[in-house]
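Reader: Please take one part of this model and go through it closely. I would like the surroundings of the ligand, contact by contact.

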Amino acid sequence: DRPAPRPSATRVFVVANQKGGVGKTTSTVNVAAALAQLGQRVLVIDLDPQGNASTALSVEHHRGVPSTYDMLVDGHPLADVMTQSDEVPGLWVVPATIDLAGAEIELVSVVAREMRLQKALAAHPLIGPAAEAGEERFDYVLIDCPPSLGLLTLNALVAGREMFIPIQAEYYALEGLGQLLETVDMVRQHLNPSLVVSTILLTMYDARTRLAAGVAAEVREHFGPEVLKTAIPRSVRVSEAPSYGQTVMTYDPASAGALSYLEAAREIATNGAPR
Ligand code: ADP
Ligand code: MG
């Protein structure tokens with residue numbers, strides 16, 4: 001594939017929606033793999049104790065593996081907890097172990113508990129505005145959030161610049177989004193003024209149903225240009241890829257799901273960072 005232009009500074013995306021099962025993890029790993037395929041250097045941070053992104057990217061995440069938990073709770077440097085993907089060249093991962101399930105509570109008593117991830121990212125020499133635009137610099141960081149608005153997601157909202165919200169094209173799709181957007185506003189006012197909703201992706205879109213078309217129209221009307229033109233179709237290939245420890249990008253590159261994720265990644269790269 002024709003490479004995409006690299007951004008002038010690292011773009012940090014928070015993939016969030018407190019509803020479970022809307023395609024956060026699937027979109028994180030596949031957009032990340034697609035961006036890497038387009039010549040970008042990409043880091044995925046698994047912030048969900050379930051570790052689904054780690055599984056999908058075939059990265060070990062049993063107890064004892066250096067992980068997101070060590071970085072957030074024990075203050076280990078980001079460089080010490082990331083590993084390179086064997087599957088996808090150009091892709092790095094910070095895996096989540098089950099320890100992360102306790103972090104939500106353990107962090108409560110930690111100093112500047114909502115700034116832990118931001119500090120870890122800022123301290124890494126290859127991430128952020130100060131990082132030199134050399135070969136090694138990370139172009140994209142994608143943070144896969146758990147399905148809740150607790151301290152883990154709050155850390156992501158403070159650390160990131162761009163909200164990436166996957167929305168499942170089904171009835172009730174917009175339910176709960178109000179609460180998410182209120183949280184984003186609160187974070188913008190008090191903790192991270194540069195946070196913007198830059199990217200909305202319609203997932204599990206079934207073009208044959210009038211319901212999906214109606215939901216898509218409603219989402220586009222509500223958000224406008226932030227909604228990517230590409231919607232991800234519902235496809236068995238997408239859902240079975242993780243059980244082979246693969247993204248759909250490598251599992252079935254010619255499938256409709258893979259092509260859509262590649263198109264979505266190209267849109268993200270072409271749209272560029274918000275001002
Ligand atoms: P979340 O991270 O928001 O909880 P997931 O990405 O884990 O959501 O997706 C929830 C379920 O839906 C998973 O079983 C996943 O395989 C499936 N899924 C996601 N996207 C698609 C798709 N485009 N087509 C078919 N199944 C999908
Ligand atoms: Mg998930």
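Author: The model is predicted. A place to start is the backbone of V22, where a polar atom is 3.1 Å from an oxygen atom of ligand 1. T26 also faces an oxygen atom of ligand 1, but through its side chain: a polar atom there lies 2.5 Å away. As for cover, ligand 1 taken alone exposes 550 Å², and the protein buries 78% of that.

The shell can then be taken as a whole. There are 14 residues around ligand 1, and those that come nearest are G21, K24, T25, T26 and S235. By class, the shell holds 7 polar residues, 5 nonpolar and 2 charged.

Next comes the secondary structure behind these residues. Two helices, helix 1 (24-37) and helix 10 (236-240), each supply at least two residues of the shell around ligand 1. Helix 1 gives the largest share, with 3 residues.

Helix 7, residues 151-159, packs with helix 8, residues 177-190, at an angle of about 55°, and their axes are 10 Å apart. Helix 7 and helix 8 are therefore oblique to each other. Their crossing is right-handed.

Methods: Residues are numbered from 1 along each chain as its sequence is written. Chains are lettered from A and ligands numbered from 1 in the order in which they are written. This is a predicted model: local features need pLDDT of at least 70, side-chain atom pairs count only at pLDDT 80 or more; totals for chains, interfaces and linings use all residues. Side-chain values use heavy atoms; hydrogens and water are left out. A residue is near a molecule or strand if one of its heavy atoms lies within 4 Å of it. A polar contact is a pair of N or O atoms within 3.5 Å; within protein, one must be able to donate a hydrogen and the other to accept it, and residues adjacent in sequence count only if both atoms are side-chain atoms. Accessible areas come from the Shrake-Rupley method with a 1.4 Å probe; for residues, only the protein chains shown count as cover. Helices (H or I, at least four residues) and strands (E, at least two) are DSSP runs, numbered from the N terminus. Ala, Val, Leu, Ile, Met, Phe, Trp, Tyr, Cys and Pro count as nonpolar, Asp, Glu, Lys and Arg as charged, and the others, Gly among them, as polar. Axes are lines fitted to C-alpha atoms, for helices over the stretch in contact, and angles run from 0 to 180 degrees between N-to-C directions. Angles under 35 degrees count as roughly parallel, over 145 as roughly antiparallel, 65 to 115 as roughly perpendicular and the rest as oblique. A crossing is left-handed if the near helix is turned anticlockwise from the far one by less than a right angle, and right-handed if clockwise.
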